[in-house]
Amino acid sequence: MSRLIVVSNRVPIPDKTGTAPAGGLAVALQSALEARGGLWLGWSGQSCAEDRIGPLQMLRDGNIDYALTDLTERDVEEYYQGFANRVLWPICHYRLDLAEYGRREMAGYFRVNRFFASRLLPLIGENDLFWIHDYHLIPLAAELRRQGVKNRIGFFLHIPWPAPDVFLAMPVHEEILSSLTAYDVLGFQTEHDRENFAACLARQGLGNRLDKAHFALGSRTFTARPYPIGIETNEFVTLAQRAAGTTLHKRMLDSLDGKGLIIGVDRLDYSKGITQRIDAFETFLKRNPDSQRKVALLQITPKSRSEVPEYEAMQRAVAEQAGRVNGALGTVDWVPIRYINRSLRRPALAGLYRMAKLALVTPLRDGMNLVAKEFVAAQNEADPGVLLLSRFAGAAHELKDAVLVNPYDVEGTADAIARSLTMPLEERRDRWKSMMNALRANDVFTWCDTFLGDLSRYEQVE
Ligand SMILES: O=P(O)(O)OC[C@H]1O[C@H](O[C@H]2O[C@H](CO)[C@@H](O)[C@H](O)[C@H]2O)[C@H](O)[C@@H](O)[C@@H]1O
Ligand SMILES: O=c1ccn([C@@H]2O[C@H](COP(=O)(O)OP(=O)(O)O)[C@@H](O)[C@H]2O)c(=O)[nH]1
């Protein structure tokens, strides 16, 4: 079997401090790589002055060799906070209004991709398979090809690929799009994303579509397919079952004192629709006064990308909004929204998911949303909770028996909350079974095997 080299910006560094990695890419890739073994190269999360960038830090943990590189402060500002998270992220999440394009950041993005290529080159063996992840590293294959690398290189995009009118509004879209054609296999979360990508190629007159999944450009061919990412379904079921009886579980049950738990778990990101969700919860409470004091929303929201101004603004907006609702509707012995900014470890999350009657997963746009899948896997088969899911999350393409909502429709979402909390047991069980079948049929290991199977079978037509 060829050695696998995974490259992603974010790497869950094995430091044993117990800090939970909040973010689906790190969680999913770690599960997949642990099973197969390989080398994982990415950013150490540290920045320093240019003359202090040292050699790669090499660590081994279980089956995985980690190769970590520091970046300069300027790199982090231009590549990560700048072009990746202020241009590509908002555009791919349909937020052209939030995109802050600047040439300096764009140049930094391409420079850091060249730097990642230079760090990789000395490590490459002839038969190694490369699997590059996410929007931070789109130009990496093109950089490696320029250096003569002939290995098979796959790319998986964890976030949505937007419709052509949105994508083509981005300055440098030509370069971003044509960089992707240097890969052999391109993976998207959904069919919808792949079709948006194909439509962008067609609009730009870039390459020919040979059939549904194959494209030709000059002497090269490449494949583009949906590979929806999964979770460790069976392991998550066990985690959730084990959580009952832990101290946290007991404390939580005591504090609920018979109230129904509603849960939301999201990085503090404007794509997650947290303010619209709180509006919907408030509307639900106002329209259903009998439910007041009978339910509590636990919103677990670790801070994310706090140096990016749009995220900083979001942190203030959500905190103010939760405070306002609690102030307006709360009583001396009831707080409607328990809002926390800490990251919880997954065993704790699994237990909370299982205790909840309802999960609110209402992103305005999301590549997949693993929280939706984890919530379903954590349920008690005999008395499962309900998943209320945005139709704009990638997960909605598989979890068709969730209660699907349009998160922009606050009143519609409020009504769906009311319907979900009174859903009969039989309907809850039927919906849960169908969703669980989907999670069993496509877990994170299937995702990994399917992608790598396609990549390892790939032969370039010269
Ligand atoms: O690395 P950060 O800047 O701290 O952000 C965390 C991750 O966020 C995004 O996650 C995406 O991947 C998930 C798994 O495929 C998917 O379910 C979710 O919809 C995506 O938003 C981002 O794409 C990652 O690169 C980040 O590491
Ligand atoms: O306090 C937290 C919040 C989230 N997560 C994990 O972070 C991931 C979030 O992935 P998702 O795809 O839902 O969204 P992303 O943050 O990647 O956009 C899930 O596996 C969560 O279990 C976690 O471990 N602790």
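The model is predicted: local features need pLDDT of at least 70, side-chain atom pairs count only at pLDDT 80 or more, and totals for chains, interfaces and linings use all residues. Residues are numbered from 1 along each chain as its sequence is written, while chains are lettered from A and ligands numbered from 1 in the order in which they are written.

**Two domains**

Let's start with the overall layout. The chain splits into domain 1 (4-230 + 444-457) and domain 2 (233-441), with bounds that come from an automatic or database domain assignment. Their C-alpha centres are 30 Å apart. Helices (H or I, at least four residues) and strands (E, at least two) are DSSP runs, numbered from the N terminus.

**Ligand shells**

Where do the ligands sit relative to domain 1 and domain 2? Both domains give residues to the shell around ligand 1, so ligand 1 lies between them. A residue is near a molecule if its C-beta atom, placed from the backbone, lies within 6 Å of it.

| Ligand | Residues around it | Closest residues |
|---|---|---|
| Ligand 1 | 17 residues | Gly23, Gly24, His158, Gly367, Met368 |
| Ligand 2 | 19 residues | Gly24, Val27, Ser343, Leu370, Val371 |

Helix 1 gives the largest share of the ligand 1 shell, 4 residues, and that shell divides into 7 nonpolar, 6 polar and 4 charged residues. For ligand 2, helix 1 (24-36), helix 12 (346-355) and helix 13 each supply at least two residues, and the shell has 12 nonpolar, 4 polar and 3 charged residues.

**Two open sheets**

Two strands pair if DSSP finds at least two bridges between them. One open sheet has 10 strands in the order 3-4-2-1-5-6-7-10-9-8, with mixed pairing. Strand 3 (57-61) and strand 8 (208-209) are its edges; each has a single partner strand, so one side of each has no neighbour in the sheet. Strand 8 pairs with strand 9 (residues 214-217) in the antiparallel sense over 2 bridges, and Arg209 has Phe215 in strand 9 as its bridge partner.

The other open sheet has 6 strands in the order 13-12-11-14-15-16, paired in parallel. Strand 13 (337-340) and strand 16 (403-405) are the edges, pairing on one side only. Within this sheet, strand 14 (residues 358-361) and strand 15 (residues 386-390) run parallel and are joined by 4 bridges. Leu360 has Leu388 in strand 15 as its bridge partner.

**A helix pair**

Finally, helix 13 meets helix 15 through Lys373, Val376 and Ala377 on one side and Trp432, Met435, Met436 and Leu439 on the other. By class, that contact has 6 nonpolar, no polar and 1 charged residues.

Technical notes
Two residues are in contact if their C-beta atoms, placed from the backbone, lie within 7 Å. Ala, Val, Leu, Ile, Met, Phe, Trp, Tyr, Cys and Pro count as nonpolar, Asp, Glu, Lys and Arg as charged, and the others, Gly among them, as polar.
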